[in-house]
Amino acid sequence: MHIAFFLLLGASLARFLLRHDWEARSPWIIALTGALASLYLLGPVLGTRATPRRIAWLGTVVTVWVVLVVLAPSFAWCAVPLFYTGLRTLPPRAALGLVTLLTAFVVFAQVQLSHGGWDPNLIVAPPAVAALATGVFVHSDRQAARQRALIDDLIRTRRELAAIERREGTLAERQRLSMEIHDTLAQGLSSQQMLLQAADRTWDSDPVTARRHVRTAESIAERNLAEARRFVQDLAPADLAGGGGLEEALRGLAARESAAFRVDGIAVPLPDRVQAALLRIAQGALANIREHAGADSAALTLTYLDDQVVLDIADDGRGFDPALAREQAERGHGLPAMRVRAQQLGGTLTVESTPGEGTVLSAAIPLSLES
């Protein structure tokens, strides 16, 4: 539109100079053409909003153009770019008023150029061009408004999705932390409570056993303190912090819980998150055995297969009904937490148990996980 304005302005000046001899109005027309061109160049600097400076600039441009049209009707068709300038700058009603004014001067100029001859096109063509220009602008403006609305909706939707993802991430991290605390600190505190209660009951009748319970509770408290410090550092299991790996961590856990431990198959490197998950599952399972099973013995077996690693925890305790335990899952983390840990790594957790015949818990994690 800017290029079209300057082309029309230059063509109008050239037409005037070619069609007319030098006369008194010629210097004025040349000066006004230069002034109009200079004023038009200021438009982009002032922006497109209907500010007082922008409206004053538009009024000055239209005034100079009107004077030019009165002096030389050849400049009439410079009104077409001014149509768009007015429509972009002014409110709808004011813009339509300006377009009507410009069209009237174009008709006036065309009649002057006809030298009194009658031609219906002189009356019909300018309003038709003005109507076409206005229609094109209004349509384009509505299209742009729809596009802006669509872009705003997309941006808002993207922000909402990002907020939802953040909330889901927060909830997932909160669930993970709750499982970590349940499998370590809560289980340890529960064990300490049981040991200290046992020590209190036997303190007078069997001081040696009572002191052994206290020492065991002290050892558990030391482990819990190490876990708490590890939470603060990087939330990794304290048993894995020494760099000995999953087997050493499970062996140490089994020794503390008086359980047997065995490794089958050829060991392969496991991702840290797999090692941490299996260790937490083992800790939770042994805590459940200690608190609920009444077992005489328990055993851990870590098996490396071709496509997965399997951790089995078996005991000879009182057993339970897995279906009933599933219905009571809302009472705590326990088995649901272990199952979630396995599922988060693409694995499975199975429980085989019958009342009075012990329990076997098996966690299987695929070895094809991305590190």
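This is a predicted model: local features need pLDDT of at least 70, side-chain atom pairs count only at pLDDT 80 or more; totals for chains, interfaces and linings use all residues.
Author: Residues are numbered from 1 along each chain as its sequence is written, and side-chain values use heavy atoms, with hydrogens and water left out.

Reader: What makes H1 and H2 roughly antiparallel?

Author: Their axes cross at roughly 175° and come within 11 Å. Axes are lines fitted to C-alpha atoms, for helices over the stretch in contact, and angles run from 0 to 180 degrees between N-to-C directions. Under 35 degrees counts as roughly parallel, over 145 as roughly antiparallel, 65 to 115 as roughly perpendicular, and the rest as oblique. H1 (residues 2-19) and H2 (residues 26-46) cross at roughly 175°, and are therefore roughly antiparallel.

Reader: Which residues of H1 and H2 meet?

Author: On H1, they include Phe5, Leu9 and Phe16. On H2, Ile29, Leu36 and Tyr40 are among them. Contact means heavy atoms within 4.5 Å. Helices here are DSSP runs of H or I with at least four residues, strands are runs of E with at least two, and both are numbered from the N terminus.

Reader: Why is H3 called roughly parallel to H5?

Author: The axes of H3 and H5 (residues 92-113) cross at roughly 15° and come within 10 Å. That angle makes H3 roughly parallel to H5. The crossing is left-handed: the near helix is turned anticlockwise from the far one by less than a right angle, whereas clockwise would be right-handed. Trp65 and Val69 are among the H3 residues that meet H5, whose side includes Phe105 and Phe108.

Reader: Why is Ser74 called buried?

Author: Its relative accessibility is 10%. Buried means under 20% relative accessible area, exposed over 50%, and partly exposed in between, with a 1.4 Å probe and protein chains only. So Ser74 counts as buried. Ser74 sits in the loop between H3 (52-71) and H4 (79-89). Beyond its neighbours within four places in sequence, Ser74 contacts Ser12, Arg15 and Leu113.

Reader: How do you know that Gly319 is buried?

Author: Gly319 has a relative accessible area of 16%, so it is buried. This glycine lies in the loop between E3 and H11 (322-327). Residues up to four places away aside, Gly319 touches Ser353, Thr354, Pro355, Gly356, Gly358 and Thr359.

Reader: What makes E1 and E2 a pair?

Author: Strands pair if DSSP finds at least two bridges between them. E1 (residues 260-264) and E2 (residues 298-304) have five, in the parallel sense. With H10 (residues 272-293), E1 and E2 make a left-handed β-α-β unit. A crossover is right-handed if, with the strands pointing away from the viewer, the path from the first strand over the helix to the second runs clockwise.

Reader: Why do E1 and E4 stand at the edges?

Author: The open sheet has five strands in the order E1-E2-E3-E5-E4, with mixed pairing. E1 and E4 (348-353) each have a single partner strand, so one side of each is left without a neighbour in the sheet. Neighbouring strands are turned by 15° against each other on average, direction ignored.

Reader: How many bridges join E3 to E5?

Author: Eight bridges join E3 (residues 308-315) to E5 (residues 359-366), and the two run antiparallel. Val309 stands opposite Ile365 in E5. H12 (residues 334-344) packs on the sheet and touches E4 and E5.
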